[in-house]
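User: Hi! I'm new to this one and would like a friendly tour. Could you show me the model to begin with?

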Amino acid sequence: TSFVPLEDRPAFDVQTSGSTGEPVSIKKTAINQVVWLAMTIRENEWYGRNLRCKRSIIKASNKKTEIINGDDHQTQFISITSPLSEQLALLEEFQPNILMVHPSILYGMLNIWEDKGLSLTELLHIKTIGETVTENLRTKTKRITNLELMDMYSSNEVGYISIQCPESGLHHVMSESLIVDIVND
């Protein structure tokens, strides 16, 4: 067991997704959370998002589907294990302004929206996480929703690694909080 300085507490356990092998459990501290929030503020300011809005988040760590009400916003968490038809029904009922989703789930949604029409009339931003975004997905998203994808690269272990630039489309490494070492092509 490692010692966590009093000023860095509370400490809490997080688990990796295990995307490259067995999931790993680690401890994070309140300082880690402050850095995560700072990068979140940066990302939202870069993209000019109004945070007094409705957000839907579909990702692997969501254990259940629920809506959390904040002072000036609502966040809908949808379990990634829910059937795609259920995810879409929940989104249609909630009508989010921001959708955060894995590219593979978004691709399935786009296929349905292509056939039946986009039913998310209040959607302003689509943010992808957790998987590689292909040019085909970007093109299809733009054609069907008239929105650009915004991508980020992060991990439970270190938080934000990079955020896609709203101007160039390239990724900016969050160098204030980590060092990225490119090993090979």
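**Salt bridges and a histidine**

Analyst: Let's start with Glu148, which is exposed, with a relative accessible area of 56% (buried means under 20% relative accessible area, exposed over 50%, partly exposed in between, using a 1.4 Å probe and protein chains only). Please keep in mind that this is a predicted model, where local features need pLDDT of at least 70, side-chain atom pairs count only at pLDDT 80 or more, and totals for chains, interfaces and linings use all residues. Residues are numbered from 1 along each chain as its sequence is written, and side-chain values use heavy atoms, with hydrogens and water left out.

User: Which residue forms a salt bridge with Glu148?

Analyst: That is Lys142, and the closest N and O atoms of the pair are 3.4 Å apart. A salt bridge here is a side-chain nitrogen of Lys or Arg within 4 Å of a carboxyl oxygen of Asp or Glu. Lys142 is partly exposed, at 33% relative accessible area.

User: How many salt bridges are there by this rule?

Analyst: The count comes to eight. Glu43, Arg49 and Lys127 are linked in a network of them.

User: What about Arg143, which residue does it pair with?

Analyst: Arg143 forms a salt bridge with Glu114, and their closest N and O atoms are 2.6 Å apart. Arg143 sits in helix H4 (residues 135–145) and Glu114 in helix H3 (residues 103–116), so the pair ties together parts that are 29 residues apart in sequence. Helices (H or I, at least four residues) and strands (E, at least two) are DSSP runs, numbered from the N terminus. Arg143 counts as exposed at 54% relative accessibility, while Glu114 is partly exposed at 39%.

User: And Glu66, what's its partner?

Analyst: Glu66 has a salt bridge with Lys64, with the closest N and O atoms 3.9 Å apart. Lys64 is exposed, with a relative accessible area of 51%, and Glu66 is partly exposed at 30%.

User: New topic: where is His73?

Analyst: His73 is in the loop between strand E4 (66–69) and strand E5 (74–79). His73 is partly exposed, with a relative accessible area of 26%.

User: What does His73 touch, leaving aside neighbours within four places in sequence?

Analyst: His73 is in contact (heavy atoms within 4.5 Å) with Leu51, Arg52, Cys53, Arg55 and Ile68. The C-alpha atoms of His73 and Arg55 are separated by 7.9 Å, and the two residues are 18 residues apart along the chain.
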